Amino acid sequence: MIAGPATPLPATSAILMTVSPPPPTELRPGDRDSDWNRRIWRLAGPIILANLTPPLLGAVDTSVGGQLPDPSYIGGVAVGSVIFSFLFWGFGFLRMGTTGFTAQAFGAEDKEELRASLLRPLVLALGFGLLLILLQSPVRLIALWAMDASAEVSGHTADYFDIRIWSAPAALVNYAVLGWLLGVQRAQAALVLQLLLNGLNILLDLIFVIGLDWGVPGVAWATLLAETTAAVVGLAVILGGLDRLPGRADWERLSDPARLAALMRVNVDIFLRTLCLVLAFAIFTSEGAGFGDVVLAGHAILLHFQALVAHGLDGFAHAAEILAGSAFGAGNRRTFRRAVVVCGLWGLAGALLASLALLLTGPWLIALFTSLAQVRLAAESYLWWMILSPLVSVWSFLLDGVFIGATRTAAMRNAMLLSLAVFLAAKWLLLPPLDNHGLWLSLMLFMAARALTLAVSYTALDASVGTP
């Protein structure tokens, strides 16, 4: 076994049964189950709930900052969050690549590879996390320079950064754990761990900032403690669950050069893809900061709406990732296609519902974030872009899931590079004549380009399912 005989923490023993992979007879992703809607929701439901907790946490961070006496507090938390999105989302391959490889091993009923697909990213997560801590001074200097916020906002951001950076190893370990759980179709266990992480973070936010008046450092401390707790619990749960899986770790396979090369290829592709994605949002935030602290604070609120929409719709993308990846591993083209179509239909329904919800409740939701009238007005001025966003964005989310599940990451990388070029060109052309509306239009074009560039590569991916 990877960890030897494990003794789970008492608090986690109750959910160990939800973590252990099912017996081999349940692993085959065949077509016997005709109730595809039920199959999708069995995965997507818990994933949607789990995915909504991080942006809800971000919303609480922003809302707590919005009760402080100056917009620079919201801006400081917003810029700090963007910096760590850039740092941590850049390592999103630890979640996405893990899910893809694990789902394929799951579909192929390869128990040894299931173990290896967990241990490899865990080693990478710890190594990269420690490297970020060692490099924190130059990283902070470059990040603050790149964001180019006001002196007040930069001061709050530095306070946030100096504390939050110490959560790097735990945050990256959580990515690997979550990716593996999704790959073995244990969405309920992933939900439990995400609720633990973000529920604890929200509670500590309220205690440290509202109760103890720690300000922006309180937001950072809450995140650090919550991510560390979740990493410890997640490792105890998942390694204890592996002890229930028949067989043992194949150390020769774990260090197999071909498999390591495939892992690194996929990880580098996803890293570059995610880097482009985060870079686009970082540029968006940086350009928004140029319009002043009030507009920056309004953007922060609207981007939390975007995050809520993206994480919610990603439930269907993750379902496509898991089911398409499992079908790809089993070489079942009919199941692969069915997973893509049904997830796409549910994704469209979710996007329509999200747009309608924002149309009906947008101003009220903005008011929940801040008591500052000028920030509310700034956010409401650009709200209609957010009403449009779900309908534009959902297709890129779904296609991302399909390509990740099949580990066809070179196509994803190339599509994102082209989409980033579209965003930069659009910003250059549209920002001068349209001001901030030009910035939002550039973001919408970026999302549309992501979907169109992936759609071009989908035919080749579909044709490859089940071929040697």
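Is Arg-413 buried, partly exposed or exposed? Arg-413 counts as partly exposed, because its relative accessibility is 22%. The cut-off for buried is under 20%.

## The model and its salt bridges

This is a predicted model. The structure holds eight salt bridges. Side chains of opposite charge can pair when their charged atoms come close. Three of these pairs are described here, one by one.

## Arg-413 and Asp-269

Arg-413 meets Asp-269 in a salt bridge, with 2.7 Å from N to O. Arg-413 sits in helix H16 (residues 409–434), and Asp-269 sits in helix H11 (residues 257–289), so the pair ties together parts 144 residues apart in sequence.

The partners sit in unlike surroundings. Arg-413 is partly exposed. Asp-269 is buried, because its relative accessible area is 4%, and buried means under 20%.

Arg-273 forms a salt bridge with Asp-400, and their closest N and O atoms are 2.4 Å apart.

A network of salt bridges links Arg-273, Asp-400 and Arg-450.

## Asp-162 and Arg-140

Asp-162 pairs with Arg-140 in a salt bridge, and the closest N and O atoms are 2.4 Å apart. Asp-162 is in helix H6 (residues 151–164) and Arg-140 is in helix H5 (residues 136–147), so this pair ties together parts 22 residues apart in sequence.

Asp-162 is partly exposed, at 30% relative accessibility. Arg-140 is partly exposed too, with a relative accessible area of 27%.

Methods. Residues numbered from 1 in each chain as written. Predicted model: local features only at pLDDT ≥ 70, side-chain atom pairs only at ≥ 80, totals over all residues. Heavy atoms only, no water. Salt bridge = Lys/Arg side-chain N within 4 Å of Asp/Glu carboxyl O. Helix = DSSP H or I, 4+ residues; strand = E, 2+ residues; numbered from the N terminus. Buried < 20%, exposed > 50% of the residue type's maximum accessible area, 1.4 Å probe, protein only.
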